[in-house]
Structure formats: structure tokens, C-alpha cells
Amino acid sequence: MAIQIYFDPLNIACKSITGAICQNERVEFNLFLLKSHEKNGVTAENCLTPDFNAALHLNKDGEKAKIYPMQKTSFGWTISLSIEDIGLYYYVFALEGVGFISCNDMTKGEITAYPKGFQLTVFAKSYQTPEWFQGGIMYQIFPDRFAKSGTMPDIKGRIQRNNWDGLPSYKPNAKGKVLNNDFFGGNFKGIEEKLPYLKALGVTVIYLNPIFEAASNHRYDTSDYMKIDAYLGTEDDFLSLVQSAEKQGIRVILDGVFNHTGDDSIYFNKYGNYPSVGAYQSKNSPYYSWYTFEKFPDKYESWWGIDILPEINEQSKEYQNFIFGKDGVLKKWLTFGIGGYRLDVADELPDFFLQKLRQCVKESNPNAIIIGEVWEDASNKVAYSKRRAYLHGFELDSVMNYPLKDAIISYIQSGNTIPLLRCIRTLIDHYPKQTVDCLMNILGTHDTARILTVLGGIYCQNKDEMAQKSAYLSAESKEKAIEKLKMAVVLQFTLPGVPCVYYGDENGQEGHIDPFCRCCYNWSEQNEYLIDFYQKIGAIRQEYKEIFKDGNFSEIITQDGLFVYKRYKENLKLYVYTNNSSRKYVIQLPQPMKDLLSDDAFETEIIIQPYSYGILIEDN
């Protein structure tokens, strides 16, 4: 008879702590030796006392494995240990005369001839993430394009757009450069006037793309970190927005762009538009150490070779003091009462820089959130040939959850549940629980095509095609895409982490990649059907915040396009299902339940219709 071993690191019977562990925290590993296949259940009656030995092989990343003999039990083998050194580890189990229990694609154990390690992240005792952020709802705003109140001041070099419903400029100029210098005039007062709308969506956090003075409408080319861009308003306007939002139970977080500045800035001053002596102008500039010149002044390191974005030398003590100092950038804007920072291109910022940044922010406000832009698994990311330490407790609280975004879209487009479940299980297994509860769960951002456009399946070869009417959905196609979007939103709002709505997605906004994903919010045409859905699921998330804040996840059914899972905390349970298939399923219920989305009640069974979704709770 073939040996049957059961090990699932997401089952606390197998691993006593789910996901990453704290340094010096004792964790127990149990391997179950089964009489028959695990589907018959891991029970005392279905387990055997082994007559051969097992051992745990544990190695820190890049180091040789240490071998720990496991103790035989009536069900298999067990071992309990703690790890003092913070870092990334891998482990497998060696079975005498059998092989290894390795990590398969679903992060579960399988017998192999060659070891493939399970990942174990060990984080610092001091690592905590802001509790206020957990269980909330984010809303991302591209400031120039969300809401406008009043008129724009005249600023040299800027093109004022007075057609709010127009397409942003995208064509290069005679020199082949896209200047992004057309402004529609969205501002702080406009956002403040829309706070009741955001409150009705259940929003608890507004994430603003850059707000500091810059030459472009996206403002990732910072001109002055200490000054609000005049088109957005004044410091008083910003303070009013932050304080008004706080009264509505909403916090504001800012985009921190610390890897590069604009060439048209007080610091670089390539065009002489500022009264300062910029690094481009003189080696005696107080900002010269901020940058790296290969050949002064015209050849310098820039972000991805884009010369309008000269890259910062984070080793510069002068720059570090400017960002982290007592009167530095981070501390100044924290005094306005903001809730924290999202860090642009976190991969480009060295570990030492992120550590200093965290120390600076947490000194000013221990409850401020720090979210990194990381597009991959942040627990084991290698950037510039170096393993990163984002989640060891000294750098980030959270990251943008691009892996989940891609997995949800893949599931909605294909109906295949496996990649989605694999992604969820991997994130839970690899990340600290306090990070999982703060993950920024996105379906789209300013850097990606609009989610409705993606789900609508319109593909374009170039930006000229993206600007055409044919790049937008017909009424019938849009209606179908909205139904797909709603299923995606159910997943986004109920899986572990914090959903982040990109402004206008809740209103059915379309658009391909930059700049078409950055069009102005269409306040003249409200898609009440879709907005009502967002409001309803937002209200559910608020009502059951205790579950969504730090509750657990477990999968129940993954079959073809059917995905059923449970979110729970203590005795409170929610059951979520999405059926992205043409099949109908009949599920027997252990007790009467009610669908929180449809208000339908079910006694003994539920018939799950094709292409449907629901959020169930016990109907007492």
C-alpha cells in the first residue's frame, strides 16, 4: 500500500501558527500518517503509528539546512521549536526510506524524491501593523481627475483643460516626449465636497496620488516636497480636507515618491525655473549629493532611463536628513494628521532607507500605515539581485496586492479556481498575519487599465487605438462586463486584506492604460446600479468588520468555476461563494442561512445558479 502523508501548513492541526511566525515564538509541526486517502478525514481512526523515522530539515535563506529529528506519535510525527534569528527560512520533512514531504503548487505537502521547501518567514517581536486600517475600505484618488471646485490659477507651462469629460493628452511633442502637462483642475475642495459620497461607499481611507508641486499632472516628478501643488489648493485646504475626512471616519494617506525627483525641480533645476542652485547647475549645489552623475551635467542616473526623472542617491546624508530629519518631509506632512504613506516603487528603495523611513514615521505616529508598491510576493522578493526584507518587521506594514489582483482577473476571465486559490494560500502562508490583514487589495490602479475595460475584453495595439470610440464597450457589452466586475468585487471585498477602489470603478468607468485609465470621474452620469452594489457590499463589510478586520480564511469547495470559502472569527462566520461557470450546484446546508446581498433565505439547501455569487450568514 502506498504511503499516505497529510501536511497542510494552513491547517493548525499540522502547523500551530498559520503563516509567518514571530521570532522566539514556539511553533509545532505535525505530520499525519494515514491509513487511507486524506479525503476520508484526518481522524484518530484513520491514522497510524509509524515504524520509521522522520526529520525536519530547516534552513535559513542561503544557508545549509539543520536537521531536527521528529518524535513518533499515534498519528505520525511531531516537533516543536522556536527560531531566534529574523529572516526567510525554508523547510521540508525527510521520511526514512520514503523521500521528502515537499511543498506542492497549492502549498500542501506531497511525497517527492527531491526536496522543495515550504517557506517560513520569521519576523521581529516588535512588528505590529495599524489596527485602525484593518477591516476598512480604501479609495484611491488621482487628484487632478476626481472632483473640481473653483478655477485653476495661471501657471506657466501648464495647459488648462476646461472639458472635464475630455480625453487626457497622450501624443508626444515634436521632441518625442509626452509632457503630461494638461490639467483638468481636480483639487482638495472638490474632494472635500464629495466626502459624503465616499462615506456612503463605506470608505475609511483615501489614498491620494502625489500632491506636491510638480510639472506633470501625475506629479510623480516632484518639484518641491515641501509645497502643495497650487492647482490642488493651499496647505489650509489640505488641512481642511484631512480634518473634514476625519470627522467622517476617513483618514488620508499620501503617495511618497522618494526614489526620484523631477528634472524641473528646486533640487535639480535643469531648466533654471527655480531660484535655487540645483544639482544640474553646479557641483557646489546643496543638492548635488542627491544625484549620481556619470558625466556632469547631462549624463546622470534616472528612473528607468527617463531623463525627466533623475534618480536619487539614497546614500546621501543630506537627502536622508531632508526626508527623515526633525523638520523633514515625512514629519511635516504627518503633523497635518495624515494616516500614513504609500511608497512609490518600493523595490527601488534600499532596505536601510526603508528602515530609516519606518523609524521616522513611527516616531511621529506609531499608528501611521506604510504601504509599499511591490508587484510580486513581497515576502521573498529579489530586487536588483538582493533578497528584500520588507516584512521582517523593520520596513513595511503592507504592500499593494498585485498577485491577488491578477489571480482574481484570471479567475473571472477563465473560470479556473485553482490559480486563485493557490494565490490566496501562498499569501496567507508566506506573510505575517498582521500584514495579510492590511494588504491593499486592488483590481486596478493609475498604472493599469480600468478593471471594466479588462473584463470587457477589448484589446488595442497602441494608444491611438485606445483613444478611439471602438476602444470602449457597447451598452450590451458593458452590462455583461459589470456583472463580471460585481463577482470580482465580491472576492476583493471578502478575501483577507483591505479592498481599494480606484476612483470611478464603482461608476463603471472605462479606459486602457495611462493616460486613459486616468480620465475624470463622470459625475454627470452616475451608474446607480453599480454604485448601489458597492454601497451594499461596503455596508456588509462595515457590519461584519470584526471578521474582516483580522478573521481567518478557509476554503470549502473549489470545483470547476465554483469557489466557496469561509471567513470567520470565533463563533461568527460568513460563507462566500462565486460560481463562474455554466453549471448549477446544489449545496446542503448545516443550518438555515441568509444571503446578505440578495436577502434570500435558505433552510436546508442552496441552489447556486450559474455565474452567481453570494455572502451567507447563519439565519438565527
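What you see is a predicted model. Start with the whole chain. The protein contains 14 helices and 35 strands. Along the principal axes, its C-alpha atoms fill a box of roughly 80 × 55 × 45 Å.

Next, the inside. Of the 620 residues, 59% are buried. Among contacts with a separation of 6 or more, 69% are between residues 24 or more positions apart. The accessible surface comes to about 25700 Å², and carbon and sulfur atoms account for 49% of that.

Now the rings. There are 54 aromatic pairs in the structure. One of them is Tyr91 with Phe93, edge-to-face, at 5.7 Å centre to centre and with 75° between the planes. Both Tyr91 and Phe93 are buried. Another is Phe268 with Phe293, which is stacked: 5.9 Å centre to centre, 5° between the planes. This pair links distant parts of the chain, 25 residues apart, with Phe268 in the loop between strand 18 and strand 19 and Phe293 in strand 19. Why do we call Phe293 buried? Its relative accessible area is 14%, and buried means under 20%. For Phe268 the value is 0%, so Phe268 is buried as well.

Last, the surface. Ile3, Val98 and Ile111 make a nonpolar patch of about 190 Å². Ile3 sits in the segment before strand 1 and is partly exposed, at 33% relative accessible area.

Notes
Residues numbered from 1 in each chain as written. Predicted model: local features only at pLDDT ≥ 70, side-chain atom pairs only at ≥ 80, totals over all residues. Heavy atoms only, no water. Patch = residues over 30% accessible without salt bridge, like charges linked within 9 Å, V, L, I, M, F, W, Y side chains within 5 Å. Areas by Shrake-Rupley, 256 points an atom, 1.4 Å probe, with all protein chains shown as cover. Salt bridge = Lys/Arg side-chain N within 4 Å of Asp/Glu carboxyl O. Helix = DSSP H or I, 4+ residues; strand = E, 2+ residues; numbered from the N terminus. Buried < 20%, exposed > 50% of the residue type's maximum accessible area, 1.4 Å probe, protein only. Contact = heavy atoms within 4.5 Å. Phe/Tyr/Trp six-rings, centres within 6.5 Å; stacked < 30°, edge-to-face > 60°.
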